[in-house]
Amino acid sequence: MTAVDRSGAAPAADTDDTAAVQEKWQAYWDKHDTFRAADAGGDDDRPRRYVVDMFPYPSGDLHMGHAEAFAIGDVIARYRFQRGDNVLHPIGWDSFGLPAENAAIKRDAHPADWTYANIDTQAASFKRYGISFDWSRRLHTSDPDYFRWNQWLFLRFFERGLAYRGGGLVNWCPTDQTVLANEQVVAGRCERCGSEVVRRSLTQWYYRITEYADRLLDDMAQLEGGWPEEILLMQRNWIGRSQGADVHFAVEGREEPVTVFTTRPDTLYGATFFVVAADAPLADELCAPECRDAFDAYRAQVARLSDIERQSTEREKTGVFLGRYAVNPVNGERIPVWAADYVLADYGHGAIMAVPAHDQRDLDFARTFDLPVRVVVDTGQPDPAETGTATSGDGVLVNSGPLDGLAKAEAIERIIQVLAERGTGSGAVNYRLRDWLLSRQRFWGTPIPIVHCEGCGEVPVPDDQLPVTLPDLRGADLAPKGISPLAAATDWVNTSCPRCGGPALRDTDTMDTFVDSSWYFLRYCSPRYDDGPFDVEAVRRWGPVDQYVGGKEHATGHLLYSRFFTKVLYDMGLVDFTEPFKRLLNQGQVILNGSAMSKSTGNLVDLGAEIDDYGVDAVRLCMLFAGPPEDDIDWADVSPAASVRFLNRALRVMTEAGAASAPGTDPGTGDLELRKVTHRTIHQITQLLEVNRFNVAIARIMELVTAARRVIDSGPGAADPAVREAAETIAVTLSLFAPYVAEEGWERLGHAPSVAIGNWRAADPALLVQETVTAVVQVAGKVRDRLEVGPEISAAELERLALASAKVSAHLGGVPPRKVIVRAPKLVNIVPG
RNA sequence: GGGGCCGUAGCCCAACGGCAGGAGGCGAACGGUUUAGGUCCGUUACAGUGCGGGUUCGAAUCCCGCCGGCCCUACCA
C-alpha cells in the first residue's frame with residue numbers, strides 16, 4: 001500500500017465509511033466480549049477497578065444528556081482497561097416508575113410493554129455508541145429477580161425497626177395521585193409533573209433514615225477529596241443538624257408539659273409567648289372553648305393555602321390566640337399560647353418558645369399582634385422593638401436571673417445544666433432531614449411485602465414466599481384513583497395471614513423507585529445471584545465503587561439514600577465498607593443556546609441525527625473536548641464537524657504510518673523531536689486523565705497528530721520509526737475518546753485487534769528531560785530576558801548569569817539590586833534597589 | 001432572607017502564585033492544492049484575565065468589597 005492520496009476523499013470522511021467502521025468494530029466487541037470483567041479471584045492479581053454510571057430510566061431513546069454522561073464514564077473505564085486493570089463497567093435500567101404507567105393507561109397496555117421496548121431501544125443505542133459495558137451483567141429493576149431483593153431488604157429493615165408505618169402530614173401530588181418523599185418536592189411542586197403539592201394526613205411506610213443522620217454527616221470525612229465539595233455541602237445542609245436544647249413548658253390545664261426545641265436556650269428568659277403549629281394535633285387539643293371558632297376558621301384558612309403560598313417569606317405573619325398560657329420553667333412566667341402557620345408541625349416538636357428580641361420570625365409575629373419584646377442578650381445593637389430587626393449575635397446576657405453577665409456560649413451551657421438539674425429540659429439535637437417516605441399509591445413498582453391481618457397486625461411475608469409479584473393490570477385499571485391500583489385487584493389483595501392462616505389483605509402500596517437505585521451497584525457484582533441481594537464475596541472483591549458518574553440533581557436524593565442503605569448493610573454485616581462511592585463526578589448538562597433542551601419548546605438536538613451526520617466518534621469527541629466534564633455544554637458552541645476533520649487527520653497519520661513501516665519497528669532511530677513530543681504527550685495525558693481533564697488530554701492528542709503530520713510532510717517522512725511510534729500512541733490514547741477510529745487505525749498500523757485493552761505505555765523518562773530550559777529573567781516582576789540553561793543549573797550560577805545580562809543591567813540602570821529571587825532552573829526575579 | 005459556584009481574544013476553553021508573543025479548537029481573513037466548492041496543507045489578525053482595593057520579590061491564580069451570570073435552599077426555631 002502506498003501513501004494515501006490526500007487530494008482524494010479521506011478514508012472515513014464520508015458517512016458511509018464511518019457507519020461501516022462503526023458496524024465493524026461494534027460487531028467485533030460484541031463477538032469477543034472485549035469489556036467483560038474477569039470475576040475470578042485467585043491468580044488474577046490485576047488491580048480491580050469498579051466504574052459505574054448512574055443507570056438510565058427507560059423513557060424512550062437515549063438523548064444528548066445520556067450521551068455526555070456515558071461518554072465521560074466510558075473514558076474513565078476505557079482508561080483503566082488500557083492500563084490493564086480488571087475493570088467492572090456494568091449497565092442496567094431503573095425500569096420501575098410512573099411514566100411507564102401513564103404510557104400504559106394511554107395505550108391500553110401493560111407498563112412492561114413500554115418499559116422493555118424502551119430498554120431494548122436504549123441498549124441498541126448504547127452498543128452503537130460504543131460504550132465499554134460488560135453486557136453480561138445487565139439488570140432491570142422491574143425484573144422479579146431484582147425487586148424480590150427490594151422486598152427482602154425491606155423485611156430486614158423492618159426487623160431492625162428501620163421500616164415502619166406511621167401517620168402524619170405528607171406531600172400529596174394531586175396529578176400523580178400519590179404521596180411524595182420530601183426530596184421529590186421542589187419549591188412546593190411535584191418534581192415530576194410540576195403540580196402544586198398539597199398536604200394530607202395519611203398513614204404511610206417510612207425508612208428511618210434520620211437514625212443515621214449523624215453517621216451520614218460524620219462519614220462525609222471519607223468522601224472529602226473524592227466527591228465534589230458542592231455535593232457534600234448540599235447534603236450537609238439537607239441533613240441540617242442543629243444543636244440546642246429541649247425545654248419542657250407546663251401548659252395550664254394540661255397534665256403533660258409541652259416540649260419545645262430551641263437552638264437558643266440562652267434566650268429562655270426572653271420568651272414572651274408560645275406558638276404551636278396550627279396544623280398540629282396539639283393546637284387543636286390546646287384550644288380553649290372560647291377560642292374554638294376563631295381557631296377553626298384559622299385552621300381552615302391555613303389548610304386552603306398551597307405549600308407555595310405558605311412558604312412565601314414575603315407573607316405577613318398570621319395566627320390566633322388559643323386562650324391558654326404556658327409557664328416558663330425558669331421564671332414561672334405565664335406566656336400566651338398562640339397557633340400559627342410559621343411554626344412547622346413536623347420539625348422539632350411542632351411548638352416553639354417565641355423570643356421576639358432575638359428571632360426575626362418571632363419579632364415579626366410579635367409586632368403583628370402587639371406582643372411584648374424583651375431583650376435578654378445585649379449585643380450592643382439598637383432595641384429590636386424599635387428597629388423591627390431581631391439581634392442574634394453574641395453579647396452579654398441581661399434580664400436573665402442567674403445568666404446575667406454571661407456570654408452567649410456560656411449561657412447556653414449553663415442553662416442546659418440548670419434545666420437538666422430541675423428536670424425541665426436537656427441538651428438536644430434536631431435534624432432538618434425527615435424520615436424517608438417510602439410508599440406510593442401506584443402500580444409499577446415493588447409491592448411492599450406486608451400482609452395486614454386483623455388479628456396479627458402487620459405481618460411480613462416470609463422470605464420463601466418472595467417475590468410478591470404484581471397482578472396483571474393494564475390500561476384503565478391503572479388510572480389514578482387516590483388509592484393504589486393494587487387495591488382494586490381483589491384476587492391479589494385477598495390472601496391469608498402467614499402467621500395465623502386467617503383471611504388477610506396485602507399491603508397495596510408500592511415502594512419509591514429510589515429504593516431500587518439505592519443498592520443496584522451492589523447487585524452488579526453478582527447480578528444472577530439468587531441466595532441474597534448480592535454475593536457478599538463478590539461485593540467484597542469489587543466494592544465500593546471506585547468512580548461513580550452522574551448528574552448533581554441526585555445530590556440529596558439518590559446519593560443520600562444509597563449512602564444510607566450502605567450503612568444499614570454494613571450494620572447487617574453484608575458489606576465491609578460504609579460509603580458506596582469513593583469518587584463522584586457530576587457531569588454538566590447539554591444545553592442549546594443557553595437554555596435546557598426540551599421537547600415542548602422545540603429547543604432540542606437529536607442524538608441519533610447527530611450520530612447519523614457526524615458519526616459516534618465525532619459526537620463523543622466534541623462533547624469531551626468542549627470543556628471540563630463538570631461544565632454545561634452548549635451545543636451551539638461545539639462543532640462535531642471539526643471533530644470529524646480532526647479524526648480524519650488522525651486516521652490518515654495512522655494509515656500512512658501503517659503503510660510505511662511494520663509493527664515492532666524499533667523507534668530508537670526515529671526523529672528525536674517527534675519522539676519527545678510523543679513521550680511528553682503520553683506523560684501529560686496520563687496525568688490529565690487521573691484528574692478528569694479530558695478536554696486538555698484531547699488537545700494534547702491534537703498536538704501530537706500535528707507534530708506527526710509535520711514529520712511526514714516536511715521531515716523524514718512516513719517511514720520514520722518515530723512516526724509509527726507517534727501513530728500507535730495516537731491510536732491508544734484516542735481509543736478512550738473515539739474508539740472506532742482508534743480500532744480502525746490500530747488495524748491499519750498492522751496490529752491485531754483490539755487496541756482497547758492493556759496498551760497504555762509509560763513515557764520514557766529519558767525522552768522527557770530537556771537538554772536546555774528557558775530561564776526567565778524578571779526585573780521587578782517583568783520579563784526582561786531569557787536564558788537557555790541546563791536543567792541542573794545551580795541557583796548561584798543562574799543568578800550570576802542573570803545579573804550578567806545586558807538587558808538586565810539596562811533595566812537596573814546601574815543601581816545594585818536590592819534582592820534576587822532565584823527559582824532554578826526556570827526563573828530569576830531581580831528587585832531593583 | 002441564607003449558602004455556594006463562575007466571569008481569560010468574536011465564541012468554547014488552557015494556564016490555577018513564576019514567560020498570557022495563550023496549549024487546543026471554533027469562527028474570520030489571506031495564500032497553496034483543486035475545473036470549482038468542500039476536503040487538505042500553510043500563514044495571519046484579535047484579549048491582557050468583569051471592576052476596585054489588599055497580600056507578595058512576583059497575582060488570571062490568594063484575601064476583601066462591588067458589578068454581572070448561574071445553582072442550591074427556603075418561616076427548620
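This is a predicted model: local features need pLDDT of at least 70, side-chain atom pairs count only at pLDDT 80 or more; totals for chains, interfaces and linings use all residues.
## Salt bridges

The whole structure holds 51 salt bridges. One of them joins Arg 620 to Asp 74, with the closest N and O atoms 2.6 Å apart. Because Arg 620 belongs to helix α20 (residues 616-625) and Asp 74 to helix α2, this pair ties together parts that are 546 residues apart in sequence. Both partners, Arg 620 and Asp 74, are buried.

Arg 137 and Asp 134 form another salt bridge, in which the closest N and O atoms are 3.0 Å apart; both of these residues are buried as well. In the salt bridge between Arg 474 and Asp 472, the closest N and O atoms are 3.5 Å apart. Here Arg 474 is partly exposed, its relative accessible area being 36%, while Asp 472 counts as exposed at 56% relative accessibility. Salt bridges also link Lys 24, Glu 744, Glu 747 and Arg 748 in a network.

## A buried glutamate without a salt bridge

Glu 610 is located in helix α19, which covers residues 607-614. This residue is buried yet takes part in no salt bridge. The nearest side chain of opposite charge belongs to Arg 128 and is 11 Å away, whereas a salt bridge requires the charged atoms to be within 4 Å.

Leaving aside residues up to four places away in sequence, Glu 610 touches Met 64, Val 605, Gly 615, Val 619, Trp 635 and Pro 640.

## The second largest cavity

A search of the whole structure finds 4 cavities of 30 Å³ or more. The second largest cavity contains about 80 Å³ of space. Its lining consists of Arg 49, Ile 76, Tyr 79, Arg 80, Gln 547, Arg 583, Leu 689, Glu 690, Asn 692 and Phe 694.

Helices α2 (64-82) and α22 (672-690) each provide at least two residues of this lining, and α2 gives the most, with 3 residues. By class, the lining of the second largest cavity comprises 4 nonpolar, 2 polar and 4 charged residues.

## The second largest pocket

About 520 Å³ of space lies in the second largest pocket. Of the 22 residues that line this pocket, Leu 169, Tyr 206, Asp 346, Arg 434 and Asp 435 are the closest to its centre.

Strands β5 (163-173), β9 (198-207) and β18 (425-431) each supply at least two lining residues. The largest share, 6 residues, comes from β5. The lining of the second largest pocket divides into 11 nonpolar, 7 polar and 4 charged residues.

Notes. Residues are numbered from 1 along each chain as its sequence is written. Chains are lettered from A and ligands numbered from 1 in the order in which they are written. Side-chain values use heavy atoms; hydrogens and water are left out. Helices (H or I, at least four residues) and strands (E, at least two) are DSSP runs, numbered from the N terminus. Buried means under 20% relative accessible area, exposed over 50%, partly exposed in between (1.4 Å probe, protein chains only). Lys and Arg count as positive and Asp and Glu as negative; His and the chain ends are not counted. Contact means heavy atoms within 4.5 Å. On a 1 Å grid over the protein atoms alone, a cavity is a set of points where a 1.4 Å probe fits but cannot get out, and a pocket is an open set with protein on both sides within 12 Å along at least five of seven lines; lining residues have an atom within 4 Å of a point. Grid points are joined across faces, edges and corners, and a volume is the space filled by probe spheres set on the points. Ala, Val, Leu, Ile, Met, Phe, Trp, Tyr, Cys and Pro count as nonpolar, Asp, Glu, Lys and Arg as charged, and the others, Gly among them, as polar.
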